[in-house]
Amino acid sequence: QVQLVESGGGLVQAGGSLRLSCAASGRTFSDNAMAWFRQAPGKEREFVAASRRSGGTTYAADSVKGRFTISRDNAKNTVYLQMNSLKPEDTAVYYCAAARNVYSSGSYYATARIYDYWGQGTQVTVSS
C-alpha cells in the first residue's frame, strides 16, 4: 500500500507560480512511477505530468509543456510539480498518483488506469 498526501495548492493570479508536493508513505517510493493529474469542475480527469521510477525520464501534457515541471526526491519520498506562468484554465483539483508496474511505452504513463494509488487532491485556483 502507498499513501499519498498532496500539499501546496492555493489561489494565485494568472502568470504566477505554485509548487505542489506529494508525500508518499508505505511501499518503497522509488519502486513507483509517479504522476500528477487534474480535474476541473464538469470535466474529466486529465494527465498533467509523470516521472518514471528513477526520475530520469519525465512526460508532460502538451498543455503544460514549458510551464510545468515534475521532479522527485526519492530520498524524501516526495514528488513535486512546479507550475509557472499559470493560466485560469489551469484551475482544477490536482491529484498525485503512483503506479507499481513498469511500462515500456511512455504513452502508458499518461493513462489514469495504470495508477494504483491516488491522493485526495489539492485545489489550485488561478484568477485572471
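1. The charged end of Arg 72 lies over the ring of Phe 29, at 4.6 Å from the ring centre. A charge is said to sit over a ring if NZ of Lys or CZ of Arg is within 6 Å of the ring centre and within 35 degrees of the ring normal. Arg 45 provides another example: its charged end sits over the ring of Trp 118, 4.7 Å from the centre.

2. A note on the basis of these values follows. The model is predicted, so that local features need pLDDT of at least 70 and side-chain atom pairs count only at pLDDT 80 or more, while totals for chains, interfaces and linings use all residues. Residues are numbered from 1 along each chain as its sequence is written, and side-chain values use heavy atoms, with hydrogens and water left out.

3. Trp 118 also belongs to an aromatic cluster, together with Phe 37, Phe 47 and Tyr 115. The structure holds seven aromatic pairs. One of them is formed by Tyr 103 and Tyr 108, which is stacked because the ring centres are 5.1 Å apart and the planes meet at 25 degrees. Rings of Phe, Tyr and Trp (its six-membered ring) pair if their centres lie within 6.5 Å; planes under 30 degrees apart count as stacked, over 60 as edge-to-face and the rest as tilted.

4. Tyr 103 also pairs with Tyr 109, in an edge-to-face arrangement with 5.9 Å between the centres and 85 degrees between the planes. Is Tyr 103 buried or exposed? Tyr 103 counts as buried because its relative accessibility is 19%; buried means under 20% relative accessible area, exposed over 50%, and partly exposed in between (1.4 Å probe, protein chains only). Tyr 109 is buried as well, whereas Tyr 108, at 34%, is partly exposed.

5. Phe 68 is located in strand β7, residues 68-73. Strands (E, at least two residues) are DSSP runs, numbered from the N terminus. With a relative accessibility of 6%, Phe 68 is buried. Beyond residues up to four places away in sequence, Phe 68 touches several residues, including Arg 38, Val 48, Leu 81, Met 83 and Tyr 94; contact means heavy atoms within 4.5 Å. The C-alpha atoms of Phe 68 and Asn 101 are separated by 24 Å, and the two residues are 33 residues apart along the chain.

6. Ser 21 lies in strand β3, residues 18-26. Which state does its relative accessible area of 17% give Ser 21? Ser 21 is buried. Leaving aside neighbours within four places in sequence, its contacts include Val 5, Glu 6, Trp 36 and Tyr 80.

Conventions
Helix = DSSP H or I, 4+ residues; strand = E, 2+ residues; numbered from the N terminus.
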